[in-house]
Amino acid sequence: MSIQPGDVFGFWNPQLNAYVASQITHIVPADKPDEKDSYAALMLHWTGRELPSIDQLKQVMPLVINFYFWSDHLDHLISAGPIHPEFTYIGNFEILVEEQPRSYGEWNRGSRLYCQLQWERIPENKRHNFKAASKADSSQQVEIAGVMVRWGTRSLSLDRIPDLTDYTELDRLPCLTSLTVFDWSSALENYVRTHDFIYKLELELKTAVERIDLQHTLITEITMKPQNIHELLAPNDMDRMTFEGSLQHDVYIKHEREGRGITLRLNGEAVKSYRFLWGLKHLSVLELYSADDIDLGDVIDRFPSLQSLRMWGKPGYIRGMEQLYKLEQLQMLTTVDMFGFSGEHFPHPHQLPQLNTLWLTSLPDDAAKTIKQAYKQAAKQGLDLSIRQPRKPEWLADNLDNPFRAWDGREGITPAQAKKAASLYKQIRGQLREFAAQAQTSDMSSQDVQLQLEHIFSTYIEGFNKLDKRKLFIFTEEREEIFGAVTPLISGLVKELQAIQIEIDEHALWEYTDQLRDF
C-alpha cells in the first residue's frame, strides 16, 4: 500500500500484552536513486486489548517519555525500510507533530511505551529524587561504607567500596541504575529485588555461583564475564543478555517465555558458548560478534524461533548457510565480514516468507551477485535489501588481520585512506612486537618503557592526524576504531611486561595519545 503522512498503524506488544499504535508523520526521501524512502513514526500514548478505531485514536496524545534519564522527549524517530508486516493499518488523521525528527532508529515496537508505563508506577517522590540526582554536579557526594561517591552516580562497580556489607547504603544514590558485582550473595540478591531503579547487572564473579534468582527484579540487561554461574532465573521482562569469555559448562536459564523477547549477544570467545546455554528455545534475537567460525545448522537447532540473526566476523566463516530456511520466523538477517558461503547456498525468497530486512556487508563477491539478483523482485515488493562491499578471495587473504578492513568501501573513506590506516596498524603492531622482545633482553626501567611507548604511539596518532587533515573523514565511529585497533596490542604488552616486573601506567598512556589526536 502507498504510505501517507497521517497514516496510523497498530501492532501487538508482548511485554504489555496489548496493542499499541503509531502515526506516520513524514516521508523522508532517499538520498540516492537505488535507496528506499524512510518514514518518521510517532508513538501514541495508548494501549488496548483490541485494535482501536481511527475515531478513538483522534483523542490520543503523542507519547512523551521521561523515564530514567529521558527528559520529556517525544518518541518520534525516522526508520528506514518498509512498514513492518505485522503493523495493521487503522486509518488516517491530521498529523500530531509538524516538525520532522532528526534521530534515526529501528521500527518502534512499543518498548519505550512499556518502559514509560513501568516508570510511572514508581512512587513520585522516588522519581523526583532520581531526576534531581541525575542532574547533580560532581561536587555533590555521599559517603558509603567509608568511601565518598558522587550523589548522581548512575553506574557503580562494587570493588570501589570493598567494605560494603549493608547494601541498603546504596539507597543514598538515588539514580543508581547499573551495578558491576564480583561476589554474589543472598543479601545482594534481596537488595536488587527490592530496588526500584537498578535495571542492569554486570557479573564478573570470582568464584562459582550455583544459582542466581532475578525473577522478581526490574533487571532487563545482564552481562556475564566470565560466566561463573550454573543456573539463572531470569525476570519476565529481561531484554538483553550478553556473555563474554569462554564458557565450558552448562548454564540453565529459566525464563517464562523461554527466551521470547530476549536479545542474546555473544562476544569473541563466547560465540560458541551457545552450545552450553539451555532454556532459550524461543529466543528472539541472536547477535554473534567477532566470530571466526559459525555452524549455522547447530545455531538453528538450538534457537529455531529466531526472528533476528546478526553475525559479525573478524572476518569469519559460516557453514550450513543452506539450512537458513529452517528459521521460519526469521524477519531480519545481518552479516558483516562473513564468508565461506556461495549464492547457491543461500535460500530463495520463497523459503524465507517472513523476511523483511536483509543486510549483507563484506561478503564473497560471487555470493553478493547471486543473492542480489535472486532478491531483486522481493526488494521491489518491500524487502529492505542492502548488499554492499563484495569481496574477492584475494581481499580476504590480505585483510584477515586488518582491523580497518571495514573502511574499505565505507562511504566517505577513500581506498587510499583505508590502505594507509591498515599500514599504520601494521607498523605499530610490528614496533610493539619488536619493543616487547627488546624489553625482555635489556635492562630498561619502567620510566624508559613508558617514554618509548609514548613515542611509538605518537607516530601512530600523528599518522591519522595527517590523514584527517587532508580530508576530514574521522568521526566518532572511526575514532573509536583507531583506538580500539590497538587496545588488544597494548593489553597484551602490559601482561608481557608485568611478567618481567616492569609496570607501566596504561591510563596515562591513553591520556597521552588522546591529547595528541586532532580528530
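Modeller: Happy to. Let's begin with a term: a pocket here is an open set of grid points where a 1.4 Å probe fits, with protein on both sides within 12 Å along at least five of seven lines. Keep in mind that this is a predicted model.

Colleague: Good to know. What volume does the second largest pocket have?
Modeller: The second largest pocket has a volume of about 460 Å³. It is lined by 20 residues, and those closest to its centre are Pro82, Ala378, Gln381, Gly382 and Leu383.

Colleague: Which helix gives the most to that lining?
Modeller: That's helix H7, residues 376-380, which contributes three residues to the lining of the second largest pocket.

Colleague: And how many of the lining residues are nonpolar, polar or charged?
Modeller: The lining of the second largest pocket has twelve nonpolar residues, five polar ones and three charged ones.

Colleague: Let's switch to helices. Which residues of H6 are buried?
Modeller: In helix H6, residues 365-374, the buried ones are Asp365, Ala367, Ala368 and Ile371. They cover an arc of only 155° around the axis, which puts them on the same side of H6.

Colleague: What is on the other side of H6?
Modeller: There you'll find Lys369 and Gln373, which are exposed.

Colleague: And what covers the buried residues of H6?
Modeller: The cover includes two strands, S23 (357-364) and S24 (384-391).

Colleague: Now H4, please. Which of its residues are buried?
Modeller: Helix H4 runs over residues 186-194, and Leu188, Glu189, Tyr191 and Val192 are buried in it. Looking down the axis of H4, you see these buried residues within an arc of 160°, so they line one face of the helix.

Colleague: Why would a helix line up residues like that?
Modeller: An α-helix has 3.6 residues a turn, so residues three or four places apart point the same way.

Colleague: Nice. What do the buried residues of H4 pack against?
Modeller: They pack against strand S11 (178-181) and strand S13 (209-213). The face of H4 turned away from the buried side carries Ser186 and Thr194, both exposed.

Colleague: Zooming out, how many helices and strands does the protein have?
Modeller: Twelve helices and 24 strands. Of its 519 residues, 49% count as buried.

Colleague: What about the overall dimensions?
Modeller: The C-alpha trace spans about 80 × 60 × 45 Å along its principal axes. The radius of gyration is 25 Å, which agrees with the value near 24 Å that a compact globule of 519 residues would have.

Notes: Residues are numbered from 1 along each chain as its sequence is written. This is a predicted model: local features need pLDDT of at least 70, side-chain atom pairs count only at pLDDT 80 or more; totals for chains, interfaces and linings use all residues. Side-chain values use heavy atoms; hydrogens and water are left out. On a 1 Å grid over the protein atoms alone, a cavity is a set of points where a 1.4 Å probe fits but cannot get out, and a pocket is an open set with protein on both sides within 12 Å along at least five of seven lines; lining residues have an atom within 4 Å of a point. Grid points are joined across faces, edges and corners, and a volume is the space filled by probe spheres set on the points. Helices (H or I, at least four residues) and strands (E, at least two) are DSSP runs, numbered from the N terminus. Ala, Val, Leu, Ile, Met, Phe, Trp, Tyr, Cys and Pro count as nonpolar, Asp, Glu, Lys and Arg as charged, and the others, Gly among them, as polar. Buried means under 20% relative accessible area, exposed over 50%, partly exposed in between (1.4 Å probe, protein chains only). The arc is that of the directions from the helix axis to the C-beta atoms. Contact means heavy atoms within 4.5 Å. The radius of gyration is taken over C-alpha atoms; the globule rule is 2.2 Å times the number of residues to the power 0.38.
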